[in-house]
Amino acid sequence: MHFHLAFIASALSAGTVSSFAPTIGQSNLRASSSLQMSADDTITLGIFGGGTVGGGIVEILSKKKSYFQQLTGKNIEVKKVCVRDASKPRDFTLPEGCTVVTSYDDILNDDDIDIAVEVMGGTTFAKDVVVGALKNGKSVVTANKALIAKDLGEIESLVLSLDGDAQFRYEAAVCGGIPIIRSMQSDFVGDEINLMSGIINGCTNFMLTAMDRDGKSYDEALSQASELGYAEADPTLDVGGFDARSKLKILMRLAYGIDVEEDEISCRGITELTKIDFGYAKTLGGTIKLLGVAEKNDAGEVSAFVSPCYVTNDDPLSSVNGATNAIEVISDNLVSSIYIGQGAGRYPTANSCINDIVALAKGDTTPLPFNPKSSETKFVNNYESVFFLRLSYRDQVGITRQVGDICEKHGVSIHSILQNPIAKSQESAFAIVTEKVEYAAIVRVMADIEALNWCKGKPFYMPVLREDWQS
């Protein structure tokens, strides 16, 4: 088993710079025959976004300026930082000669700027910046997973159409400080990836840790995550699983060569989880994690989902707590590789951006930023797993018989039925663990059970991560 650690001491403060008004002159965009260099010994940057991550990039570049010069043979200089409000105080010191601007064109049309660093966030103006920079022959470094997931195909086509040496780098877009993108581009090229499963959202992992370890309710865990800066003002992208789904889509393209529409990937967040679920998980000898999972079967079909999952206490992902991220890659040659580290925050994310900048300064090239496409691999939006079901009920005779009949009707075999002691009548619930079955069959079972008059609320279900969960 290979452990790749990306621990970086940092405050895990989350935050992005909101998009600011663009003044992009599209008529000024031009294609360059090569990546322009302002001087043979200097690489010049323009940064879009002067917030949490942008400030971290400037600080690291200033702190390690001499080291980077020795490493690359180049002076790496920040010439301009583009922000929405130039009068707003910043929590970092601008390097000598750097100016703050408010127009995108001040960077895009500056021939002396070699690399555009996009850390402003969003998918509209940020796209204009990325596309404009590439068309103007500038390399791009970005941390924007939402933009990449949404417009991966368009970005790839643009990069491949350029005549020059402009590069597209995005290490920070998936799991912040963990070097998973570069690893996918270089460490598995002679391997075959069979399964990826990962904790790829720090906010929800922090919340689930609080619910499991500290006995907090969902609302209490969310409140604490908000207070500590892990959750956005609107936490929907995190708690709904959508942020994790964007990252999973990118990883699937790198691992399997397929570009899947995000809506095709089954996505369920953590909003339905209760203390009862964690109680049953402990009874079974495990815990619950929100995971992004993609698997390739022997027929060359790839399935994927984002969902809360039951994991046993001896599973390597079960002990990953707090806002930490982790990804396990199971492959033919390396067998099991685990990447663990900080998935968000000022310095972890900035560190990955710095790695991309330094790689460009050294002259490293990645002609296919998303790895080659596969014409043989097919995506199927269904998967097989053992499932955990939790059913809340109003007491009456024949409940288990009705559940058994519905499961039999849809070809679902029951492995076991669990019921912990009930302290309050409003918490009346029991759990079922199935044998391995198709996800589509579980959806049909849940719909039929929800229609029964004794069923209180929406039944909850989640996959069990490993087939050998009992061993």
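Two residues are said to be in contact when heavy atoms of theirs lie within 4.5 Å, and the legends below use the word in this sense for a predicted model.

**View 1. Helix α1 and the elements that cover it.**
Helix α1 runs through residues 52-63, and from the first C-alpha of its 12 residues to the last it reaches 17 Å, close to the 16 Å expected at 1.5 Å a residue. Because 9 of those 12 residues are buried, α1 is largely enclosed by the rest of the structure. The buried residues of α1 are T52, V53, G54, G55, G56, I57, V58, I60 and L61. What covers them includes the strands β2 (42-48), β3 (75-82) and β5 (115-118), together with the helices α2 (65-72) and α12 (346-361).

**View 2. Strand β18 around V437.**
V437 belongs to strand β18, which is made of residues 437-438. With a relative accessibility of 8%, V437 counts as buried, because the cut-off for that word is under 20%. When its neighbours within four places in sequence are left aside, V437 is in contact with Y383, E384, S385, F387, G411, V412 and I442.

A search of the whole structure finds 0 disulfides. C267, for example, is in no disulfide, and the nearest cysteine sulfur, which belongs to C309, is 12 Å away. For C353, the closest cysteine sulfur is that of C175, and because the two sulfurs are 14 Å apart, they are too far from each other for a bond. C353 is also buried, since its relative accessible area is 0%.

The structure holds 1 cavity of 30 Å³ or more, and the volume of the largest cavity is about 50 Å³. The residues that line the largest cavity are F168, R169, Y170, E171, I181, R182, Q185 and D356. Two elements, strand β7 (168-169) and helix α6 (180-186), each give two or more residues to this lining, and α6 gives the most, with 3 residues. Sorted by class, the lining of the largest cavity has 3 nonpolar, 1 polar and 4 charged residues.

Key:
Residues numbered from 1 in each chain as written. Predicted model: local features only at pLDDT ≥ 70, side-chain atom pairs only at ≥ 80, totals over all residues. Heavy atoms only, no water. Helix = DSSP H or I, 4+ residues; strand = E, 2+ residues; numbered from the N terminus. Buried < 20%, exposed > 50% of the residue type's maximum accessible area, 1.4 Å probe, protein only. Expected span 1.5 Å × (residues − 1). Disulfide = S-S within 2.5 Å. 1 Å grid on protein atoms, 1.4 Å probe; cavity = no way out; pocket = protein on both sides within 12 Å on 5 of 7 lines; lining within 4 Å. Points joined across faces, edges and corners; volume = space filled by probe spheres on them. Nonpolar A, V, L, I, M, F, W, Y, C, P; charged D, E, K, R; others polar.
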